[in-house]
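Hi everyone, thanks for coming. Have the sequence and the structure up on your screens, and let's walk through them together.

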Amino acid sequence: MSPVPRPIVAIVGRPNVGKSTLFNRLVGWRKAIVDPTSGLTRDRLYGVCEWLGHEFTVVDTAGLELDGGPPEREFSQADIEAQTRIAIEEASAIVFLLDVRQGLTPIDRDIAQLLRRSGRPVTVAANKADVPGQDHFRHEILELGFKEVLLVSAEHGIGVDDLLDRLLEALPETPVESPDEEGVARLAIMGRPNVGKSSLLNQLLGDERALVSDVPGTTRDPVDTVLSFDGLPVVLVDTAGIRRRAAARDRLERFSLLRGIKAMERADAVLLVMEAPTGILTQDQHVASYALEAGKGLVFVINKVDLVEGPERTAAAWRTRIDQAFKFVPHAPVVLVSAKTGAGVGKLLPAALEVVGLRRTRIPTNELNRVLREVMTERPPPSYKGKRMSLSFATQAESDAPTIVLFVNDVNLLHFSYRRYLENRLRERFGFQGNPLRLVLRPEKKEARRTTRPKK
């Protein structure tokens, strides 16, 4: 099954209007996949919002300013305009956030002018409407030329449900999967600037189809390239570098995160490229968490091993470092390469294609239920207030990412440690290497429950 990309919603507005608060409110309504014990920092720019059975990607453009300093520092008008233009170019819909307490500013009016001309669906929300009597601001905003203004409080959740309803109306329908896309493996090459993504792509293709430069950020736009590997069609997506706050001064580089996210949404798996001399940085962990939350496969690629000596050139040493830094994805393979010399590059596509193939594995329902009952009998779920979770039935969902649906007596009885136990045991039996394995709990059906009771 080819991945169907989620629509992207970008939250746009001048600093200090509450973009990050609204982002956290929207994304916080979806249960986090990452284990809370992993220690991974959860302050991020990207997340998935689920509302009325629909999912879409939310991007906090406040974090797209990556040139150092706090996320809500006093940006120049040119900075904010560049940020807005990137959101217009890449997002499916836009939330234009304002501050009712401060009223309209010249920057608000400039952003509004850009958005009106864009042709993109724009939902206008006036934030920090915590007390009654602020309807007068609604009329002031309508002077900007928009048909509707929603009064919301991101901090307290007031009006956010109406905002989500409007977004669902504005977003395009989920695209229908094309039959000729079946069997195609889509790989997104991601990583910080200057780790060698374009050089790696050139080695994989055997020609100079991508611009290669020592200047970070040379490759600005996602570039799809098709090749055949052992008769299998593979699409490589070379994305611009992603980072949170670095020293780059070029605005296009600073705002390239949105483009990278869009490319990742179209992929089956992510090749996360890091460089051996620099090692693992926090931003690498964030990119891995993005891939995990989006349900994508993951392969760790350690580039430039020709520039290090001793243990730093061994797979065992990097396996240990990866396991320590990425505890939330202990299942992903690691490939050591030198994009400059070509060493190890021949192992990359086989590893990636194995990850993509495993994510498409279908487990027979009878076998899945048998294995789950065995592992739950071997180690029963812990009890909570005298109650213990019991399994009625399990099935694998028709989903892009491997997803197991468990019908249980009480969905609130599954402790995260037992969830991890079930995930590990399922991986032992069925693999899914390099892929997130989602366990979704549903209340058991009464009919199914009755069939499990012994006859009198």
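The chain averages a pLDDT of 79, and 76% of the residues score at least 70. Over residues 29-44, though, the pLDDT is below 50, even though this stretch has 35 contacts in the model beyond near neighbours in sequence. Residues 207-222 also stay under 50, and there the model has 39 contacts beyond four places in sequence. Where pLDDT is low, the predicted coordinates should not be read in detail.

Strands β2, residues 46-51, and β3, residues 54-60, run antiparallel and are joined by six bridges. β2 is mostly covered, by the way, with five of its six residues buried.

Now find helix α5, residues 160-170. Which of its residues are buried? They are Val-160, Leu-163, Leu-164 and Leu-167. Look down the axis of α5 and those buried residues fall within an arc of 100°, so they line one face of the helix.

Next, the cores. The largest nonpolar core has 58 residues, and Phe-96, Ile-141, Met-264, Leu-298, Phe-300, Ile-302 and Phe-326 touch the most other members. Helix α9, residues 282-293, gives this core its largest share, five residues. There's also a second, separate core of 27 residues, including Ala-185, Leu-201, Leu-205 and Leu-271. Back to Phe-300: leaving aside neighbours within four places in sequence, its contacts include Leu-272, Met-274, Ile-322 and Phe-326.

Last stop: Val-149, in strand β6, residues 149-151. Is Val-149 buried or exposed? At 1% relative accessibility, Val-149 counts as buried, because the cut-off is under 20%. Not counting residues up to four places away in sequence, Val-149 touches Val-124, Ala-126, Arg-138, Ile-141 and Leu-142. And Leu-97, 52 residues away in sequence, is 9.9 Å from Val-149 in space, C-alpha to C-alpha.

That's my tour, so over to you for questions.

Note on methods
Residues are numbered from 1 along each chain as its sequence is written. This is a predicted model: local features need pLDDT of at least 70, side-chain atom pairs count only at pLDDT 80 or more; totals for chains, interfaces and linings use all residues. Side-chain values use heavy atoms; hydrogens and water are left out. Buried means under 20% relative accessible area, exposed over 50%, partly exposed in between (1.4 Å probe, protein chains only). Helices (H or I, at least four residues) and strands (E, at least two) are DSSP runs, numbered from the N terminus. The arc is that of the directions from the helix axis to the C-beta atoms. Contact means heavy atoms within 4.5 Å. A nonpolar core is a set of buried Ala, Val, Leu, Ile, Met, Phe, Trp, Tyr and Cys residues joined through side-chain atoms within 4.5 Å. Two strands pair if DSSP finds at least two bridges between them. pLDDT is the predictor's confidence in each residue, from 0 to 100.
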